[in-house]
Amino acid sequence: MASPDPAFRADVLAGLAAPTPAVPARWLYDRRGSELFEEITRLPEYYPTRTETALLERYSGEIAAMLGKGEAVVEFGSGSSAKTPILLRAVHPAAYVPIDISGDFLRDSADALRAEFPGLPIHPVEADFMGRLDLPPEIAAAPKLGFFPGSTIGNLVPRTAVDLLRAMKETLGEGSRLVIGMDRTKDVDVLLAAYDDAAGVTAAFNLNLLRRINAELEGDIPVDAFRHRAIWNDEMSRIEMHLEALRDVAFTVSGQGFAFAAGATIHTENSHKYGHRDSRLMLRAAGWGVLREWTDEKQWFSIILAEAEPPRFAP
Ligand code: AVI
């Protein structure tokens with residue numbers, strides 16, 4: 001077996017011992033977790049993917065019309081989704097730069113896009129995009145269009161989300177644009193169904209974290225002693241995923257002991273939902289001005305085109 005990721009071990013051991021036990025959501029995405037997430041995106045209850053895809057199909061032409069020529073599209077994430085080709089077909093960019101921390105994902109999706117867009121220069125960057133990073137020299141002179149679909153921003157608490165948006169602005173530079181997908185607040189029953197589907201795929205996605213801990217960190221967590229819970233936290237305007245102990249349970253991870261009383265939970269993910277003004281305020285806090293927003297008939301999801309604002313004096 002490959003040696004365990006020290007960052008995974010540190011996050012799990014510290015997170016399980018915390019007064020409010022929590023494990024960062026990024027650890028949900030091992031190979032199995034990523035497969036389960038792909039399955040989630042096809043569920044009837046999970047509206048974000050199909051709503052955003054339909055918005056891109058409908059409005060990518062309008063987005064392209066608001067841009068100049070010869071843009072380099074910089075995607076924050078590997079671009080493995082069906083959404084990337086929709087934007088690329090409309091924008092006709094001079095180059096495409098996917099950025100992802102997973103080299104394997106990056107290479108696979110870059111190869112697939114090379115086959116679909118034969119003449120398009122593709123320059124993958126294997127890096128963590130949570131901080132400012134250097135873009136490939138080949139696109140230095142091109143105007144930049146960032147692309148961050150999926151409302152992945154919603155998985156970050158607002159302070160971290162603003163840090164990321166600011167880092168994106170620093171990476172892309174003054175005058176750049178950003179197309180970002182943001183999920184909207186809506187009827188709580190719709191949200192709860194999307195994060196606790198009838199087929200149990202989201203439950204399997206959440207519980208897979210415990211299996212991963214057992215497999216990679218020498219854990220003996222009785223997975224059947226936990227259940228998936230999706231909760232709407234109105235104060236924070238977010239869906240929370242938790243793993244709730246069904247009975248008193250004790251286990252070890254990497255030789256360290258833990259005990260959870262029945263009903264205690266491990267918080268595993270936040271998915272923030274934004275009102276019309278919330279998304280604008282968050283973008284503005286990071287130096288992005290909103291040029292235009294497109295939403296669906298039910299106003300369940302938004303695509304926003306924003307522009308990096310120059311620093312200005314303000315009263
Ligand atoms: C990746 N991210 C935007 C998804 C979301 O909707 O927050 C992750 C997810 N978690 C459960 N279902 C989907």
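This briefing describes helix packing, nonpolar cores and selected residues of the structure above. The model is predicted: local features need pLDDT of at least 70 and side-chain atom pairs count only at pLDDT 80 or more, whereas totals for chains, interfaces and linings use all residues. Residues are numbered from 1 along each chain as its sequence is written, and side-chain values use heavy atoms, with hydrogens and water left out. Helices (H or I, at least four residues) and strands (E, at least two) are DSSP runs, numbered from the N terminus.

**Helix packing**

- The axes of helix H2 (residues 31-41) and helix H8 (residues 201-216) come within 9 Å and cross at roughly 160 degrees; axes are lines fitted to C-alpha atoms, for helices over the stretch in contact, and angles run from 0 to 180 degrees between N-to-C directions.
- H2 and H8 are therefore roughly antiparallel to each other (angles under 35 degrees count as roughly parallel, over 145 as roughly antiparallel, 65 to 115 as roughly perpendicular and the rest as oblique).
- The crossing of H2 and H8 is left-handed, meaning that the near helix is turned anticlockwise from the far one by less than a right angle, with clockwise giving a right-handed crossing.
- H2 contributes Arg32, Gly33, Leu36, Phe37, Glu39 and Ile40 to this contact, and H8 contributes Val201, Thr202, Ala204, Phe205 and Asn208 (contact means heavy atoms within 4.5 Å).
- By class, the H2 and H8 contact has six nonpolar, three polar and two charged residues; Ala, Val, Leu, Ile, Met, Phe, Trp, Tyr, Cys and Pro count as nonpolar, Asp, Glu, Lys and Arg as charged, and the others, Gly among them, as polar.
- For H6 and helix H9 (residues 276-285), the axes come within 8 Å and cross at roughly 55 degrees, which makes H6 oblique to H9.
- H6 passes H9 in a right-handed crossing, where Pro158, Ala161, Val162, Leu165 and Arg166 of H6 meet Met282, Leu283 and Ala285 of H9.
- The contact of H6 with H9 has seven nonpolar, no polar and one charged residues.

**Nonpolar cores**

- The largest nonpolar core has 40 residues, of which Leu16, Leu210, Ile213, Phe226, Phe251 and Val253 touch the most other members; such a core is a set of buried Ala, Val, Leu, Ile, Met, Phe, Trp, Tyr and Cys residues joined through side-chain atoms within 4.5 Å.
- Elements giving two or more residues to this core include helix H1 (6-17), H2, H8 and strand E6 (226-233), and H8 provides the largest share, six residues.
- Leu210 touches Ile221, Val223, Phe226, Leu243 and Ile266, not counting residues up to four places away in sequence.

**Individual residues**

- Ile239, found in strand E7, is buried, with a relative accessible area of 1% (buried means under 20% relative accessible area, exposed over 50%, partly exposed in between, with a 1.4 Å probe and protein chains only).
- Ile239 and Asn270 are 31 residues apart in sequence and 5.8 Å apart in space, C-alpha to C-alpha.
- Among the residues that Ile239 touches are Leu191, Tyr195, Trp232 and Lys273.
- Most residues other than glycine have a negative phi.
- Ser151 has a positive phi, near 55 degrees; Ser151 lies in the loop between strand E4 (144-148) and helix H6 (158-172) and is buried, with a relative accessible area of 6%.
- Glu218 has a positive phi, near 50 degrees; Glu218 is found in the loop between H8 and E6 and is exposed, with a relative accessible area of 60%.
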